[in-house]
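Hi there,

Here is the structure I promised to pass on. My notes follow below it.

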Amino acid sequence: MIMANRVIVNNEELKDRLVAINRVVKVTKGGRTFTFAAIVVVGDGKGVIGYGLGKAGEVTAAIAKGVEAAKKNLVKVPVIKGTVPHEQAAHFGGAEVIILPASEGTGVVAGGAMRAVLESVGIKDVLAKSKGSSNPHNLVKATILALSEMRDARTVAQHRGISMEKVFRG
(Lines give C-alpha, C1' and ligand atoms only; values in the text may rest on other atoms or scores of the structure.)
Protein backbone atom coordinates (compact mmCIF):
# COMPACT_ATOMS: atom_id res chain seq x y z
CA MET A 1 0.00 0.00 0.00
CA ILE A 2 1.69 3.21 -1.19
CA MET A 3 0.26 6.73 -0.93
CA ALA A 4 1.64 10.04 -2.14
CA ASN A 5 1.03 13.46 -0.55
CA ARG A 6 2.60 16.87 -1.07
CA VAL A 7 4.24 18.72 1.79
CA ILE A 8 6.14 22.02 1.54
CA VAL A 9 9.11 22.37 3.90
CA ASN A 10 11.68 25.19 3.68
CA ASN A 11 10.44 26.14 0.17
CA GLU A 12 11.11 22.57 -1.00
CA GLU A 13 8.31 20.29 -2.04
CA LEU A 14 8.64 16.94 -0.27
CA LYS A 15 6.37 14.04 -1.22
CA ASP A 16 5.75 11.33 1.33
CA ARG A 17 5.11 7.68 0.51
CA LEU A 18 3.79 5.11 2.89
CA VAL A 19 5.92 1.97 2.56
CA ALA A 20 4.34 -0.34 5.15
CA ILE A 21 1.91 -0.42 8.05
CA ASN A 22 2.27 -3.00 10.80
CA ARG A 23 -0.53 -3.71 13.28
CA VAL A 24 0.86 -4.53 16.71
CA VAL A 25 -1.20 -6.24 19.42
CA LYS A 26 -0.47 -6.02 23.14
CA VAL A 27 -2.43 -8.49 25.23
CA THR A 28 -3.19 -7.25 28.74
CA LYS A 29 -5.44 -8.37 31.57
CA GLY A 30 -8.14 -6.04 30.24
CA GLY A 31 -7.99 -7.39 26.66
CA ARG A 32 -6.13 -6.64 23.47
CA THR A 33 -4.64 -3.22 22.67
CA PHE A 34 -4.04 -2.49 18.97
CA THR A 35 -1.41 0.01 17.81
CA PHE A 36 0.05 0.74 14.39
CA ALA A 37 3.61 1.25 13.18
CA ALA A 38 4.07 3.01 9.83
CA ILE A 39 7.33 3.38 7.89
CA VAL A 40 7.27 6.43 5.61
CA VAL A 41 9.72 7.74 2.99
CA VAL A 42 9.88 11.41 1.99
CA GLY A 43 11.75 12.79 -1.02
CA ASP A 44 11.79 15.80 -3.31
CA GLY A 45 12.47 13.85 -6.53
CA LYS A 46 15.76 15.73 -6.98
CA GLY A 47 18.14 13.71 -4.82
CA VAL A 48 16.89 14.29 -1.26
CA ILE A 49 15.49 11.33 0.70
CA GLY A 50 14.57 10.50 4.29
CA TYR A 51 12.72 7.80 6.18
CA GLY A 52 10.82 7.70 9.44
CA LEU A 53 8.94 5.33 11.68
CA GLY A 54 5.75 6.45 13.41
CA LYS A 55 3.84 4.52 16.05
CA ALA A 56 0.36 5.43 17.31
CA GLY A 57 -3.08 4.08 18.17
CA GLU A 58 -4.52 5.33 14.85
CA VAL A 59 -3.17 4.72 11.34
CA THR A 60 -3.32 8.40 10.33
CA ALA A 61 -1.49 9.49 13.48
CA ALA A 62 1.21 6.85 12.90
CA ILE A 63 1.69 8.09 9.30
CA ALA A 64 1.88 11.72 10.45
CA LYS A 65 4.51 10.82 13.07
CA GLY A 66 6.45 8.88 10.44
CA VAL A 67 6.45 11.88 8.07
CA GLU A 68 7.72 14.19 10.82
CA ALA A 69 10.47 11.70 11.72
CA ALA A 70 11.43 11.34 8.04
CA LYS A 71 11.83 15.11 7.62
CA LYS A 72 14.36 15.11 10.46
CA ASN A 73 16.86 12.77 8.78
CA LEU A 74 17.10 13.84 5.13
CA VAL A 75 20.08 12.69 3.04
CA LYS A 76 21.42 14.08 -0.27
CA VAL A 77 21.98 11.48 -3.00
CA PRO A 78 23.76 12.01 -6.35
CA VAL A 79 21.37 11.42 -9.27
CA ILE A 80 23.02 11.68 -12.70
CA LYS A 81 20.78 11.69 -15.80
CA GLY A 82 18.01 9.90 -13.90
CA THR A 83 20.17 7.04 -12.64
CA VAL A 84 22.79 6.29 -9.99
CA PRO A 85 26.48 7.08 -10.67
CA HIS A 86 27.84 3.58 -9.95
CA GLU A 87 27.07 0.13 -8.55
CA GLN A 88 26.60 -0.01 -4.79
CA ALA A 89 25.72 -2.71 -2.27
CA ALA A 90 24.75 -2.35 1.38
CA HIS A 91 23.13 -4.34 4.15
CA PHE A 92 21.17 -3.45 7.23
CA GLY A 93 20.11 -6.18 9.64
CA GLY A 94 19.20 -9.21 7.55
CA ALA A 95 18.40 -7.21 4.40
CA GLU A 96 21.00 -6.84 1.66
CA VAL A 97 20.54 -4.63 -1.42
CA ILE A 98 22.42 -4.16 -4.68
CA ILE A 99 21.79 -1.06 -6.81
CA LEU A 100 23.06 -0.82 -10.40
CA PRO A 101 22.93 2.06 -12.90
CA ALA A 102 20.71 1.46 -15.95
CA SER A 103 20.44 2.98 -19.41
CA GLU A 104 17.72 5.48 -20.24
CA GLY A 105 14.27 3.93 -20.70
CA THR A 106 14.88 0.96 -18.38
CA GLY A 107 12.64 2.24 -15.59
CA VAL A 108 12.81 1.35 -11.92
CA VAL A 109 13.37 -2.40 -11.71
CA ALA A 110 13.02 -2.95 -7.97
CA GLY A 111 10.69 -4.55 -5.44
CA GLY A 112 8.20 -2.89 -3.05
CA ALA A 113 10.13 -1.07 -0.33
CA MET A 114 13.16 -0.39 -2.56
CA ARG A 115 10.93 0.97 -5.33
CA ALA A 116 9.33 3.50 -2.97
CA VAL A 117 12.75 4.80 -1.90
CA LEU A 118 14.22 4.95 -5.44
CA GLU A 119 11.17 6.71 -6.91
CA SER A 120 11.01 9.21 -4.04
CA VAL A 121 14.64 10.21 -4.52
CA GLY A 122 14.01 10.91 -8.22
CA ILE A 123 15.80 7.98 -9.86
CA LYS A 124 14.08 7.04 -13.13
CA ASP A 125 16.30 4.23 -14.46
CA VAL A 126 17.88 1.69 -12.11
CA LEU A 127 18.32 -2.03 -11.58
CA ALA A 128 18.02 -3.14 -7.95
CA LYS A 129 18.01 -6.48 -6.18
CA SER A 130 17.26 -7.34 -2.57
CA LYS A 131 18.62 -10.45 -0.90
CA GLY A 132 18.05 -11.92 2.52
CA SER A 133 15.28 -10.49 4.68
CA SER A 134 12.27 -8.87 3.01
CA ASN A 135 11.46 -6.85 6.14
CA PRO A 136 10.41 -3.42 4.77
CA HIS A 137 12.05 -1.52 7.67
CA ASN A 138 15.46 -3.07 7.03
CA LEU A 139 15.07 -2.85 3.22
CA VAL A 140 14.36 0.89 3.39
CA LYS A 141 17.31 1.47 5.72
CA ALA A 142 19.67 -0.65 3.56
CA THR A 143 18.56 1.14 0.36
CA ILE A 144 19.07 4.61 1.87
CA LEU A 145 22.45 3.48 3.26
CA ALA A 146 23.53 2.30 -0.22
CA LEU A 147 22.33 5.56 -1.82
CA SER A 148 24.07 7.71 0.80
CA GLU A 149 27.39 5.91 0.15
CA MET A 150 27.30 6.85 -3.56
CA ARG A 151 29.57 9.62 -4.82
CA ASP A 152 29.62 11.42 -8.15
CA ALA A 153 32.75 12.26 -10.17
CA ARG A 154 32.93 15.84 -8.86
CA THR A 155 32.92 14.71 -5.22
CA VAL A 156 35.62 12.10 -5.87
CA ALA A 157 37.78 14.68 -7.72
CA GLN A 158 37.48 17.16 -4.83
CA HIS A 159 38.34 14.44 -2.33
CA ARG A 160 41.45 13.49 -4.34
CA GLY A 161 42.42 17.12 -4.91
CA ILE A 162 42.34 17.07 -8.72
CA SER A 163 40.42 19.23 -11.19
CA MET A 164 37.45 18.06 -13.26
CA GLU A 165 39.37 18.83 -16.48
CA LYS A 166 41.96 16.24 -15.48
CA VAL A 167 39.19 13.71 -14.78
CA PHE A 168 37.63 14.08 -18.23
CA ARG A 169 40.95 14.24 -20.14
CA GLY A 170 42.51 11.11 -18.85
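What is the mean pLDDT of the protein? It is 88, and 91% of the residues reach 70 or more; pLDDT is the predictor's confidence in each residue, from 0 to 100. Since you will want the ground rules: this is a predicted model, in which local features need pLDDT of at least 70 and side-chain atom pairs count only at pLDDT 80 or more, while totals for chains, interfaces and linings use all residues. Residues are numbered from 1 along each chain as its sequence is written, and side-chain values use heavy atoms, with hydrogens and water left out.

The protein has five helices and nine strands, which are DSSP runs numbered from the N terminus (helices H or I, at least four residues; strands E, at least two).

Now the inside. Buried residues (under 20% relative accessible area, 1.4 Å probe, protein chains only) make up 38% of the 170 residues. In helix α1, the buried ones are A62, I63, G66, V67 and A70. They cover an arc of only 140° around the axis (taken from the directions from the helix axis to the C-beta atoms), which puts them on the same side of α1.

Best wishes

Definitions and conventions: Buried < 20%, exposed > 50% of the residue type's maximum accessible area, 1.4 Å probe, protein only.
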